[in-house]
Amino acid sequence: MSQAVLTQIGGVPVLVLKEGTQRAFGKEALRLNIMIARAIAEVMRTTLGPKGMDKMLIDSLGDITITNDGATILDEMDVQHPIAKLLVEISKSQEEEAGDGTTTAVVLAGALLEEAEKLLEKNIHPTVIVSGFKKALDVATEHLRKVAVPVNRSDVDTLKKIAMTSMGGKISETVKDYFADLAVKAVLQVAEQRDGKWYVDLDNIQIVKKHGGSLLDTQLVYGIVVDKEVVHAAMPKRVINAKIALLDAPLEVEKPEIDAEIRINDPMQMKAFLEEEEKILKSYVDKLKSLGVTALFTTKGIDDIAQYYLAKAGILAVRRVKRSDIEKLVRATGARLVTSLEDLTEADLGFAGLVEERRVGDEKMVFVEQCKNPRAVSILVRGGFERLVDEAERNLDDALSVVADVVEEPYILPAGGAAEIEAAKSVRAFAPKVGGREQYAVEAFARALEAIPKALAENAGLDPIDIVTELTHKHELADGWKYGLDVYQGKVVDMLALGLIEPLSVKINALKVAVEAASAILRIDEIIAASKLNWGQLEEELKNCFGENA
């Protein structure tokens, strides 16, 4: 499909695109784009739900990642085609916005495009399909907001159930309850109210990974874990009721910014020069001691002589602390970060009940804990081997995100495909009101929503048609909106009674992201690629994935 000459003017060929440019347009471009998006969705589909399968991802360096976390799979997949990259980028927005539901968003996007392809074959224009999808989305989100159950932000049991639902099938059942408990405690500790609204900044929850020990050795620290060790062997390794100074300045004699030359013609001058340097460093430590400082953290270096005087004064010191860790220490201890030692006052000092250096695995770390009311906390994740720790961190991250979502917007929905079937019901009821060709797109949206319960059933080894039929029948009843698929029992049950719940904000965001992705892909009617993308080979690979009718 080389398109060097695009048009002619007066019989003279005009070179618009350079030789070797690849071009696909019209239905051909749409068909190809939809197939690529569906290929990504098919990869994700089998990972959905508690019974979802794992993927092994091997990068160019040979490092292996084994996970069924949607965001991680998309992040680690080295996709080449621009449509695949577009889908990955859109799904990342779901991860950033809601922290969970990435797999749902991608599977829904694939289902929407599959339904759209059938409408395109009926000569329904992509713009009409996109318009129908957006109207259906508005109806679905409005209906889900109506049926959503309000929850109390301080209801720890409900928050734990939400965290456990998000970790379903991803982590061992023995630690799921423990991890959910840690996630809830951490989020409630850093949640804050501003102008009548609740906010949770997950950056204030530090996750530190160290392999060794078991998953049950994972602990929540009401303070910060600094991945550094105390700088001098003679310093105290444990300080109780510590008064903490935080510096963004070195404990060193400053070097001149320009090249300077000092001429010395007498050995006594040399001695005086060194003594003066030592005197300056001692004055720094004397000031810290006079203020009652017992623990010091700095983002810069500490001179060897200063280390000696600090050790002599009984001050625990840690140097070259990461800027992000220092900022968390500010929120945890209540100290102020000072950029000059001369400006340090007693009011700038923070407090921690315990500052202690401990050996964790093969390394030493400094724990700053028992803070009075820490606005930043740490979770130290442990596990038998590195990949287990990585997967535990991903699970914990999902749990923290969904709990934070509910604290910020305290509404929940039943899980197990219940929300999708309920939304599909409302969209189907709305479809006749639209009329015209858009009605087909609205009905297609309702069918696409059923892809989630179908995938949950397939991944659990159940018959998807039987399950969707039973769910649809249940949702026609007065209290049927609560019913979803329990993959462990293989039955349609009341999800709220079972404690399988998820945040309203995650579900609505997933629907919006799926529609945005499908709409963006449907609006593309031409692809012009400067590089020689091998369309033939790409189509052959897609046919292998979807069969000859792709």
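Helix α4 passes helix α17 in a right-handed crossing, a term that applies if the near helix is turned clockwise from the far one by less than a right angle. The structure is a predicted model, in which local features need pLDDT of at least 70 and side-chain atom pairs count only at pLDDT 80 or more, whereas totals for chains, interfaces and linings use all residues. Residues are numbered from 1 along each chain as its sequence is written, and side-chain values use heavy atoms, with hydrogens and water left out.

Helix α4 (residues 102–121) packs against helix α17 (residues 504–522) at an angle of about 40°, their axes lying 8 Å apart. The contact (heavy atoms within 4.5 Å) brings T104, A105, L108, A109, L112, L113, A116 and L120 of α4 to residues of α17 including K507, A510, L511 and V513. The residues of this contact comprise 16 nonpolar, one polar and one charged.

The largest pocket holds about 720 Å³ of space, a pocket being an open set of points on a 1 Å grid, where a 1.4 Å probe fits, with protein on both sides within 12 Å along at least five of seven lines, and its lining residues having an atom within 4 Å of a point. Of its 44 lining residues, G49, P50, T165, S166 and E502 are the closest to the centre. Helix α6 gives the largest share of this lining, five residues.

The second largest pocket holds about 550 Å³, and E96, E97, A98, G99 and D405 lie nearest its centre among 25 lining residues. Here the largest share, eight residues, comes from α11.

Terms used: Axes are lines fitted to C-alpha atoms, for helices over the stretch in contact, and angles run from 0 to 180 degrees between N-to-C directions. Helices (H or I, at least four residues) and strands (E, at least two) are DSSP runs, numbered from the N terminus. Ala, Val, Leu, Ile, Met, Phe, Trp, Tyr, Cys and Pro count as nonpolar, Asp, Glu, Lys and Arg as charged, and the others, Gly among them, as polar. Grid points are joined across faces, edges and corners, and a volume is the space filled by probe spheres set on the points.
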